[in-house]
Structure formats: C-alpha cells, structure tokens
Amino acid sequence: MADKQDGAMIVQLAQWGAAMGLEEAMQTVWAEDFDPDTASVENPLVSRVLNWGETIGTLTKNGLVDTDLVLDWLWVAGAWQRVGPAALKQREKYGVPQLYENFEALAARQGS
C-alpha cells in the first residue's frame, strides 16, 4: 500500500524527469513518425526514456517506491513498446541480458 513517502518519491521522479528533458524525449517516442523497430540507444532521447524507465523499474523492484502507485501513474508498458526494441538490440549487441531488464519487467507486470 502506497504511503506519503511513496507520494513524495513520485513527485521527485516527476521533477527529475522534467529536469532531464523527459517531456521532449516522450514526445519524440510517441510521434507518429517514430519507428520502434529502427530506434536506437544512440538516439539520446531514446536513451533518456530507457534510463528513466530502468531507474523506475529498479526502484519498484527493490521496494523503494510502491509498484502499484507507479503503474497507476505511468503507462510503462506503452513506453516499453516504443523503446524496448532499441534495448533488445543493445542486449544482443553486447551480450548483456540485464540491460534495461527492470524497465522490461515493470512493463510486463503492467501488461498492455
């Protein structure tokens, strides 16, 4: 069950997202001309979404912020659908299955 500390963490995550330019990154990945299949982590905006999602996934995995609250706040599964293919290419390229695994797991928990 979420508490006031979780609420404060959500506000801090929102502030961090704003400070890092997450709005611009999300506008890019949600644009009609954005192609998830050709997306790359070489694109700083794609990388920004992946790193933000991985951080949130790690915080929820370790119980540092309430998962249900995060999933009520964000459409994690939708964001993963847009940038996940770029993450999967990085995993394959470097042979590191842990890359962005917490973001992917949180998205899977939410479903579509």
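Just after helix α5, Gly 95 takes a positive phi of about 65°. The model is predicted, so local features need pLDDT of at least 70, side-chain atom pairs count only at pLDDT 80 or more, and totals for chains, interfaces and linings use all residues. Residues are numbered from 1 along each chain as its sequence is written, and side-chain values use heavy atoms, with hydrogens and water left out.

Helices here are DSSP runs of H or I, at least four residues long, numbered from the N terminus. Helix α5 covers residues 76-94. A kink of about 55° lies at Val 83, shortly before the proline Pro 85. The bend at a residue is the angle between two fitted axes, one for the seven residues ending there and one for the seven starting there.

Which residues of α5 are buried? Among them are Val 76, Ala 77, Gly 78, Ala 79 and Trp 80. Further along, the list includes Arg 82, Val 83, Gly 84, Ala 86, Ala 87, Gln 90 and Arg 91. Buried means under 20% relative accessible area, exposed means over 50%, and partly exposed lies in between (1.4 Å probe, protein chains only). The buried residues of α5 pack against α2, α3, α4 (67-73) and α6. An α-helix has 3.6 residues a turn, so residues three or four places apart point the same way.

Take Gln 90 as one of these residues. Gln 90 has a relative accessible area of 15%, and therefore counts as buried. Leaving out residues up to four places away in sequence, Gln 90 touches Val 41 and Leu 99. Contact here means heavy atoms within 4.5 Å.

Arg 91 is buried because its relative accessible area is 13%. Which residue forms a salt bridge with Arg 91? The partner is Glu 104, with the closest N and O atoms 2.8 Å apart. Arg 91 lies in helix α5 and Glu 104 in helix α6 (residues 101-110), so the pair ties together parts 13 residues apart in sequence. Glu 104 is partly exposed, at 28% relative accessible area. A salt bridge needs a side-chain nitrogen of Lys or Arg within 4 Å of a carboxyl oxygen of Asp or Glu. Side chains of opposite charge can pair when their charged atoms come close.

By this rule the count comes to two salt bridges. One of them joins the side chains of Arg 48 and Glu 24, at 3.8 Å from N to O. Arg 48 sits in helix α3 (residues 44-61) and Glu 24 in helix α2 (residues 22-30); the pair links distant parts of the chain, 24 residues apart. Glu 24 is partly exposed, at 46% relative accessibility.

Now the rings. The whole structure holds three aromatic pairs. One is Trp 52 with Trp 73, edge-to-face, 5.9 Å centre to centre and 70° between the planes. Trp 52 lies in helix α3 and Trp 73 in helix α4, so this pair ties together parts 21 residues apart in sequence. Trp 52 is buried at 9% relative accessibility, whereas Trp 73 is partly exposed at 32%. Another pair is Trp 80 with Phe 103: the ring centres are 5.1 Å apart and the planes stand at 75°, so the pair is edge-to-face. Trp 80 in helix α5 and Phe 103 in helix α6 are 23 residues apart, and the pair links distant parts of the chain. Trp 80 is buried at 11% relative accessible area, and Phe 103 is buried at 2%. Rings of Phe, Tyr and Trp (its six-membered ring) pair if their centres lie within 6.5 Å; planes under 30 degrees apart count as stacked, over 60 as edge-to-face and the rest as tilted.

Notes: Helices (H or I, at least four residues) and strands (E, at least two) are DSSP runs, numbered from the N terminus.
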